[in-house]
Amino acid sequence: MIPSIHKRGSETIGLIRYLYGPGTDEEHIDPHLVAAFDPLTPDPGRDPEATFGQLQRLLDQPVNALPAGRRPKKHVWHLSVRAAPEDPILSDEDWAAIARRMVAATGIAPDGDDAAGRWAAVRHADDHIHIIATLVRDDGRRPRLHNEAHRAQTECRRIEADYNLRRVPAGDGTAAKRPTSAERHKAKRQGKDRASREELRETVRRAVAGAAGEEEFFDRLAAAGLLIRKRVAPSGDLLGYKVALPDDRNKDGQPVFYSGSTLAPDLSLPRIRERWVLPEDAAASADGSQRDQPTLPDVTGPAFARRRATAATWQALLIIDHGDDGAAAAQIAAAGEILDALAKTSAAHTRAELREAAFAFERASRSHIKAVRGHDRALRQAARDLVHSGPALGRGEDGATTAMLIDMAFFLAIAAANWHAKKEHAQQASAAQQAAEHLRAAYEAAAAHPMAVLRQRGRRLTPRVQQRQADLLHQVLPKLAERIRAEDGWPALAATLDDAQRAGHDPAALLTDAARRRELDTASSISDVLVWRLRRSAHLPALPESPHGTPARGNRHTVSPAPTTQVATSAVNDSSRRR
């Protein structure tokens with residue numbers, strides 16, 4: 001249950017007319033009173049003799065009783081209380097009881113206070129009510145509304161428990177604004193899955209993913225088909241921007257524009273610019289880390305971009321687990337760009353789940369802990385590489401490296417969920433966990449073909465080679481060997497160990513190192529986990545060549561980067577219950 005305290009107003013009659021009217025897009029159904037400060041309060045919705053003016057005069061009476069100089073300029077208080085989409089439809093009696101609890105909790109009308117403020121609760125939809133109140137009590141004093149938003153949230157948590165409703169995690173003021181009832185009804189009437197506000201938020205986030213500056217950002221917005229309105233100072237400096245969907249019009253036929261800050265707090269132009277600024281300490285750190293890494297060639301295609309993104313994602317995991325809060329927050333924010341870019345460039349059979357993962361993770365990308373930009377340079381560059389490398393094929397090396405990256409993105413989402421949970425960021429932790437579930441589904445779709453190819457290759461190994469890999473497995477992982485050999489993915493792991501040996505690696509050392517990365521015995525498919533860890537750390541092709549030495553079907557020629565040193569993180573250790 002979500003309470004929203006709206007801006008205070010000066011005209012009681014205007015809000016009454018809105019609550020009882022048809023709504024911005026004819027979305028109001030059967031507006032009527034469910035509760036009020038006085039049981040005899042007139043209801044213009046159900047009583048044909050009652051008028052808006054009667055209700056307004058009754059609510060405003062204590063205000064008008066004061067001398068003109070003592071009346072508050074903004075005397076209209078407005079609270080909406082909305083149930084979650086999956087909650088059952090509550091009765092008028094339930095909503096009446098909820099309304100009384102909310103005005104008591106917020107200080108409008110404390111229990112047992114005969115001189116409390118006047119209020120009325122109007123219902124014009126199944127899932128929410130509006131409470132209108134005036135901010136002068138019957139005794140002429142002002143109601144005590146200190147911290148009423150927090151008290152409203154607290155009372156909603158109690159109501160959820162009492163009515164067995166969905167428990168909504170407490171917010172911290174960093175969430176993006178939800179679509180209004182009018183926006184949601186408009187989207188439904190137009191046959192859209194999401195309101196314009198949400199569609200624009202997703203499009204802007206994709207445009208900013210890995211963008212190098214303002215020019216590229218606005219070029220991407222235009223390429224996505226959005227209408228753009230820039231706010232320019234007299235000096236010529238760009239101050240802000242607004243965007244609109246071409247087919248989203250108001251009643252006058254004009255485009256409905258949204259500023260970046262109203263889409264999400266981190267989509268205002270000043271906040272977006274922070275991503276493009278590299279602080280001196282972050283630049284020095286980035287330069288130092290780059291000197292320690294082998295020089296990587298320019299991105300040549302989707303597969304290589306995904307390999308580099310996988311390496312950057314692993315490094316982000318280390319920082320989230322071991323870095324300071326500002327650096328960790330930056331990595332989590334940049335992880336959203338990776339997911340946005342991945343959803344934009346992946347094949348159709350994974351796109352829907354990846355889009356949902358990015359949509360869910362958006363809430364996890366912000367908290368009150370300020371992200372120290374610059375430390376996220378590698379992830380943002382990886383997002384840029386994904387976008388510029390173009391769409392990936394669903395098969396071959398493109399498809400296999402997509403599975404490899406999604407596998408790592410899953411653990412990044414879990415690490416973000418664990419980090420937020422430790423900070424008591426309930427909404428963000430829940431959002432990251434939801435994203436992880438969508439990533440798990442996307443992985444299963446992406447990995448189906450490459451794992452089938454690897455399993456087939458493993459079954460074609462000679463009995464002698466198969467036995468050698470089985471002996472190696474028993475040597476390195478004696479407690480898990482039998483379980484792994486019973487899994488469907490064991491032939492793929494055997495093929496990977498054989499590939500590593502043929503490439504000149506020590507398979508025993510690689511397997512030992514991979515087993516140290518994180519706990520394995522709680523994974524539902526240990527072999528899947530080890531296949532991707534080994535193929536990445538040994539920089540093997542994600543999908544091996546055919547027996548004739550030609551790339552697998554759908555493959556593209558790519559150059560694999562050198563392996564990146566990896567160590568285990570507790571965030572991942574806590575989250576290996578998957579596949």
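Author: One definition comes first. Two strands count as paired if DSSP finds at least two bridges between them.

Start with its pairing. In β5, the bridge partner of tryptophan 119 is alanine 133. That bridge belongs to a set: four bridges join β4 to β5, and the two strands run antiparallel. The link between them is a hairpin, with four residues connecting β4 to β5.

Now the other partner. β2 pairs with β4, again in the antiparallel sense, over four bridges. Here alanine 36 stands opposite alanine 120 of β4.

Step back to the sheet. Five strands make it up, and the order is β1-β3-β5-β4-β2. The sheet is open and its pairing antiparallel. β1 (2-5) and β2 (32-36) are the edge strands; each has a single partner, so one side of each has no neighbour in the sheet. Neighbouring strands are turned by 25° against each other on average, with direction ignored. As a general point, strands of a sheet pair through backbone hydrogen bonds, either parallel or antiparallel.

Strand β3 (residues 76-82) pairs with strand β5 (residues 128-134) in the antiparallel sense, over seven bridges.

Next, burial. How many residues of β4 are buried? Five of the five are, so the strand is largely enclosed by the rest of the structure. Buried here means under 20% relative accessible area. Both faces are covered. Trp119, Ala121 and Arg123 lie on one side, and Ala120 and Val122 on the other. Arg123 is on the list of buried residues as well.

Now the whole chain. It has 22 helices and eight strands. Of its 579 residues, 54% are buried. The chain exposes about 26000 Å², and carbon and sulfur atoms supply 50% of that area. Among contacts with a separation of 6 or more, 74% are between residues 24 or more positions apart.

The nonpolar cores come next. The largest has 88 residues, and Phe361, Leu439, Ile484, Leu493 and Trp532 touch the most other members. Helix α15 (residues 396-422) gives the most to this core, 16 residues. Phenylalanine 361, leaving aside neighbours within four places in sequence, has contacts that include Ile332, Leu339, Ala413 and Ala435. A second, separate core has 28 residues, among them Met1, Ala99, Ile129 and Leu165. In soluble globular proteins, nonpolar side chains tend to be buried together.

Last, confidence. The mean pLDDT is 87, and 88% of the residues reach 70 or more. Over residues 281-299 the pLDDT is below 50; this stretch has 21 contacts in the model beyond near neighbours in sequence. Residues 547-579 are also below 50, with 98 such contacts. Where pLDDT is low, the predicted coordinates should not be read in detail.

Conventions
Residues numbered from 1 in each chain as written. Predicted model: local features only at pLDDT ≥ 70, side-chain atom pairs only at ≥ 80, totals over all residues. Heavy atoms only, no water. Buried < 20%, exposed > 50% of the residue type's maximum accessible area, 1.4 Å probe, protein only. Contact = heavy atoms within 4.5 Å. Areas by Shrake-Rupley, 256 points an atom, 1.4 Å probe, with all protein chains shown as cover. Axes fitted to C-alpha atoms, helices over the stretch in contact; angles between N-to-C directions. Core = buried A, V, L, I, M, F, W, Y, C linked by side-chain atoms within 4.5 Å. pLDDT = per-residue confidence, 0-100.
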